[in-house]
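Work through the exercises below with the structure in view. Each task is followed by a solution in steps.

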Amino acid sequence: MTSTTIITHRAIILLNCLMITSAFRAVRFHGVVRRQHHPRISGAFFVGSHRHQHHDRSTARFSTAITEDNDGNLYQIKSTTYSDSKYDISNKNKGLTGSYDPSSFEKQVYEWWETSGCFNPDSSCGGNKSTTKNKKEPYVLPMPPPNVTGRLHMGHAIFVALQDVLARFHRMRGKEVLWTPGTDHAGIATQLQVEKLIATEGKRRATDAEIAAASEEEKANLMNRDDFLERVWQYKAEQGGAITSQLRSLGASADWSRERFTMDPMLSVGVSEAFVRLYEKGLVYRGTYMVNWSPGLMTAVSDLEVEYTEEEGKLYFFKYVVASDDGEATEEYLPVATTRPETIFGDMAVCVNPEDQRYKHLVGKQVLVPMSEGNSDNGKPRSIPIIADEYVDMEFGTGALKITPGHDPNDYELGKKFDLEILNIMNKDATMNYECGERYVGLDRFEAREKLWSDMDTAGLVLKVEPHMQRVPRSQRGGEIIEPLVSKQWFVRTTGMGEKALEAVKGGDIQILPQRFEKVWYGWLTDIRDWCISRQLWWGHRIPVWYVGDSEEEFIVARNEEEAKQKAVEAGHPADVVLRQEDDVLDTWFSSGLWPFATVGWPQDEGKDGNTDLNRFYPGTCLETGYDILFFWVARMVMLGIELTGVSPFKVIYLHGLVRAADGSKMSKTKGNVIDPLDTVAEYGADSLRYSLVTGVTPGQDIPLNMDKIAANKSFANKLWNCCKFVTENALKDANEAELASLAVTGPMSKEEFDSLALPERYIISKCHELVDSVTSDIEKYQLGAAGSKIYEFLWDQYADWYVEISKTRIYEGFGGGGDDAKTARRVLVYILDTSMRLLHPYMPYVTEQLWHHLPRAPMKDGMAANAIMLADWPKMGDTSLVNDSDAIATFECFQALTRSIRNARAEYNVEQGKKISATVVASGKLREAIQSEIKSLIMLAKLDPDQVAVVEAGSDEAKAVMADDYAQLVVQDGVEAYIPLAGLVDVEKETKRLKKQSEKLAKEIEKLAKRLESPGFVEKAKPEVVEKAKAELAELEDQASKVEASLAAYI
């Protein structure tokens, strides 16, 4: 299918003008050129490249056109011509050679998927929404956008693994799947990186005022806002494609034609629209409140971006001298303790508990702020009141609390209660300001702490200093200690929005999985604080507020400068009014909070009828992410989504845990226990890593990961590879073209065909169909790990270990096979392998795609993007259970138990590997008939002598005779027994020699270890755990020796 878009004359002219003026920069990755707008130009859009490739069903052609809406806004529209690929043919022609080597095909498979258009929501129906398959409700997954300049880590790997399972499963179930990929501009992180980069060049960013005041020599090393932003865009262009390329390497089947960036023009429009609407609703306001200030980043950060760590600090005890009525110092003092002496300059009161008898008489009096005389008009210390409040803990410190409303969040609240003045004593870089006096101005806060304490000691105000463990707030990004400051910022009023988000979960609009996180959700949203959304950065969405002239108080909130001027004129200002845009940018989480709806056309397509992405794909279905950003991102998406669109942005919140080292500790470069996903993919393949991350873990729990698990899952992929090789190179070797065509799996096996099969075939198909029902149900319920493990167990334990082996008795003439039995076996081998690979595909997409092409397949359906397993039907498309036979399962499980019993007896009696033994099976009725019908399989699997095997009826003379003879009895289950003659089972002389030799070896080891334990030097000097280990080894050796002696006694 090819869709075309006509580019309007106006759009072509504008596009050419912009390209001629070099306002765009090109960024190339994955064969696509994106032209990004220069930051000084007011509008921006992307233009994709045309992949002009002449081919014969080899690739898809992508084209991009620019169109405009009724308002003249320009939009990027991508169209795709779907076709099949030479990869399909070359893969089939190469055959399955050698062992599993993911590096030899993963890249080619992914390129084929992407260029064929397999990730597009319309990939399985050619965009024909009227087809039966696509009448189902779409499945929409908004991808958590990683930082645009980031690098792949295990946090990305886990979300790709889980989300891709969901995307591929629902795509195969017949739904239009949109997995929206993209990247986040990461305001703080990206700006920090660029600031470090320009610092290596001896440069830094500076305001216009700083540049104007600098010398000509200094100006050369200063960058204004425009120049700095240009450098950031350059950095983004150089580094920005890496993360999306790395996500592709993990097999992410996201629709890259819809890839978004939080500062895309379309999304930037949404950010401005959201701010304006929230402001007009009274939900955005500008106010002076206490914020978390990051001195290193020089910006406010949200509560969620502050991490508290337990650190060793000090508790400083000092005297607050009580003032007389005329303000002079007295001999009396109030002992006070603090962890931050430098904030004494900002103290506005000292608070005691009203029930504290020690200080009750001082309440209402004044005390003198230490060392404050240096900044007073009269040269005397500043005085502050002693107040009383039950908030004070009488047991902590001295029971007297200094109150610094300008630099402590708790003091800030207490200050409001007592109407205390707020005094800011620090500059934005956490140096002390003029309020501290000349002796301390310009000192770093920690330098000021040392100097002030030394001066107080000299003045006789110091009492003592004690070690003290304290919770220290640190910036999540910069790592420096956060300084609480009172500052004028922009906020979102969250109380009402939080209540709506609470109700969305309580009322069932949104389901949180695992359910235990609902309590966390309720707790946080019940006690939510207003959200500070302004950041003192340059990289990000500049707040759409314009100040009138030089005023800091009169401002206009508008979607763009043109609208701001229009509003200013309407408010009575002249047409040539000077407007100045707010310098601050919005919190990155504000723009990413719009992700589920802004990425599909909000607000541009809001209210439009028809088949827009907004109508088709919003609200979304599932938001899968880590529990650590439940409030950073998820809660804010829900609040903003409900407030701005009227509906919850998704139906399910599925939370995964953090990937940790094998011992459960946090991965850390310092500890040297970081597992790099790219290195892991290079060595083991993406499938092994993905499968290891998804299976064997409880939803929402942290995931311990070690290389042994990944290596084991690579072995599983290799097992699957070998099974497929057996089927294609052995089982199907003699099949003609007509038979091969008939073996293509086009749907579930019918009951009529199923009923005609023999016991092992009915068993394996019943177990396979049970697996289909179970896996389908598990994934629908988001039990992804459990579903994946079941597929592994079935393929390895049932298909490979049992049916593949039994099929050899049908296929190979040496086992009595051939003819119709061989054809039936080929049908079942292909059916089970095909079905199992479809089930496994969401977990291990690469190896299943590579192998599936070697099985008989039906021709590609019209309108399909490619004849790929990722677009094939799931084994169960509806809700009806597939055919199975519980009696066949029970009967064959008895056959399996019989086989294991004989195998175990061989091992217990140390029968040589190649020796065939005799056996008589005693059973009754249908069980005896079933075992008799599969005697060839029993002979092969248990390594029995075909001339000395019998299956007899329970109670018969043959059964009584075998019971009376010298046979080893094996009880399989009620009504089924096996008897193995002891005579000739083993070579007695040979076995006796072996056991004697083993006994002598054990005796020497026991003697050596016993002497060691009897030695006082060893017992006294060795660590207790070493001694205990030696004792345990001795006990194990003695147990082994006892068993060997018992076996010897039986032969002598």
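**Exercise 1.** Is phenylalanine 632 buried or exposed?

Solution. The model is predicted. Phenylalanine 632 has a relative accessible area of 8%. Buried means under 20%, so phenylalanine 632 is buried.

**Exercise 2.** Classify the ring pair formed by phenylalanine 716 and tryptophan 796.

Solution. Step one: the ring centres are 6.3 Å apart, and rings pair if their centres lie within 6.5 Å. Step two: the planes stand at 25°, while planes under 30 degrees apart count as stacked. The pair is therefore stacked.

**Exercise 3.** Where in the chain do the two partners of this pair lie?

Solution. Phenylalanine 716 belongs to helix α22 (residues 707-731). Tryptophan 796 belongs to helix α26 (residues 784-811).

**Exercise 4.** Assign phenylalanine 716 and tryptophan 796 to an accessibility class.

Solution. With a relative accessible area of 2%, phenylalanine 716 is buried.

**Exercise 5.** Which charged residues sit over the rings of tryptophan 538 and phenylalanine 726?

Solution. Over the ring of tryptophan 538 sits the charged end of arginine 205, 4.9 Å from the ring centre. Over the face of phenylalanine 726 lies lysine 808, at 5.6 Å from the ring centre.

**Exercise 6.** Which residues form one aromatic cluster with Trp490?

Solution. Phe275, Tyr279, Tyr547 and Phe555 form the cluster together with Trp490.

Terms used:
Residues are numbered from 1 along each chain as its sequence is written. This is a predicted model: local features need pLDDT of at least 70, side-chain atom pairs count only at pLDDT 80 or more; totals for chains, interfaces and linings use all residues. Side-chain values use heavy atoms; hydrogens and water are left out. Buried means under 20% relative accessible area, exposed over 50%, partly exposed in between (1.4 Å probe, protein chains only). Rings of Phe, Tyr and Trp (its six-membered ring) pair if their centres lie within 6.5 Å; planes under 30 degrees apart count as stacked, over 60 as edge-to-face and the rest as tilted. Helices (H or I, at least four residues) and strands (E, at least two) are DSSP runs, numbered from the N terminus. A charge sits over a ring if NZ of Lys or CZ of Arg is within 6 Å of the ring centre and within 35 degrees of the ring normal.
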